[in-house]
Amino acid sequence: MSRFAQSLYTITITLWVGGLWTIGYLVAPLLFAKLGDRALAGSIAGQLFALMSWVGMGCAAYLIVYLFFARGAAAMKSSVFWLVILMLLFTLAGHFGVQPIMAQLKLEALPREVMDSILRDRFATWHGIASVLYLLQSLLGLTLVLRQNR
């Protein structure tokens with residue numbers, strides 16, 4: 001495997017996991033703390049989480065391809081491969097499963113904000129599910145960083 005591909009492997013893990021941690025645990029809380037409008041903070045945070053999902057899908061694709069080229073079929077026996085697969089599955093579940101449900105609940109609540117509507121509890125439940133998926137993905141990412149060369 002070329003030196004460039006190996007370096008890109010490390011950079012890709014850094015981008016994905018660093019982005020998860022930065023957006024989820026620094027930027028999003030800051031938006032809610034500093035913006036007076038919770039709906040605006042939620043909208044911006046949602047856009048950032050969506051962007052991070054696409055970044056994650058791209059990173060996962062590169063990491064999987066890299067691992068197969070570097071290790072062949074033995075890639076499927078490595079913990080790194082399965083960490084990437086699990087992170088990708090959580091990304092897909094959140095982006096294509098949970099987020100559309102939350103978006104639909106927001107639309108159904110109009111003209112009110114979802115948190116000011118009768119859909120508040122359903123939205124809060126789905127938001128909680130999204131948060132758990134994100135936390136699990138973040139913890140898997142931490143494990144990936146620690147085990148990336150195994």
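How many helices and how many strands are there in the protein? There are 4 helices and 0 strands, both being DSSP runs numbered from the N terminus (helices: H or I, at least four residues; strands: E, at least two). The model is predicted, and local features need pLDDT of at least 70, side-chain atom pairs count only at pLDDT 80 or more, while totals for chains, interfaces and linings use all residues. Residues are numbered from 1 along each chain as its sequence is written, and side-chain values use heavy atoms, with hydrogens and water left out.

**The whole chain**

Begin with everything shown. From the N terminus on, the order of elements is α-α-α-α. The C-alpha atoms fill a box of roughly 55 × 25 × 20 Å along the principal axes. Of the 150 residues, 35% are buried; buried means under 20% relative accessible area, exposed over 50%, and partly exposed in between (1.4 Å probe, protein chains only). Contacts, meaning heavy atoms within 4.5 Å, can be sorted by sequence distance: among those between residues at least 6 apart, 72% join residues at least 24 apart.

**Helix α1**

Select 3–34, which is α1. This helix has 32 residues and reaches 43 Å from its first C-alpha to its last, close to the 46 Å expected at 1.5 Å a residue. The expected span is 1.5 Å times one less than the number of residues. The buried residues of α1 include Y9, W16, L20 and L31, and the buried residues of this helix pack against α2, α3 and α4.

Now centre the view on I23. A kink of about 35° in α1 is centred there, the bend at a residue being the angle between axes fitted to the seven residues ending there and the seven starting there. Is I23 buried or exposed? I23 counts as buried because its relative accessible area is 12%. Leaving out residues up to four places away in sequence, I23 touches A28, P29, L48, F49, M52 and Y134. F90 is 67 residues from I23 along the chain, and their C-alpha atoms are separated by 16 Å.

A cis peptide bond joins L110 and P111, with omega about 15°.

Then select 120–147, which is α4. α4 has 28 residues and reaches 40 Å from first C-alpha to last, close to the 40 Å expected at 1.5 Å a residue. Among the buried residues of α4 are F123, Y134, Q137 and L144; what covers the buried residues of this helix includes α1, α2 and α3.

V145 is also in α4. V145 is partly exposed because its relative accessible area is 34%. Which residues does V145 touch, not counting those up to four places away in sequence? V145 touches I13 and V17. V145 and I13 are 132 residues apart in sequence and 6.9 Å apart in space, C-alpha to C-alpha.

**The largest pocket**

Finally, show the largest pocket, with a volume of about 1200 Å³. Of the 40 residues that line this pocket, the closest to its centre are G42, M102, K106, F123 and H127. On a 1 Å grid over the protein atoms alone, a pocket is an open set of points where a 1.4 Å probe fits, with protein on both sides within 12 Å along at least five of seven lines; lining residues have an atom within 4 Å of a point. Grid points are joined across faces, edges and corners, and the volume is the space filled by probe spheres set on the points. α1, α2, α3 and α4 each supply at least two lining residues, and the largest share, 11 residues, comes from α2.
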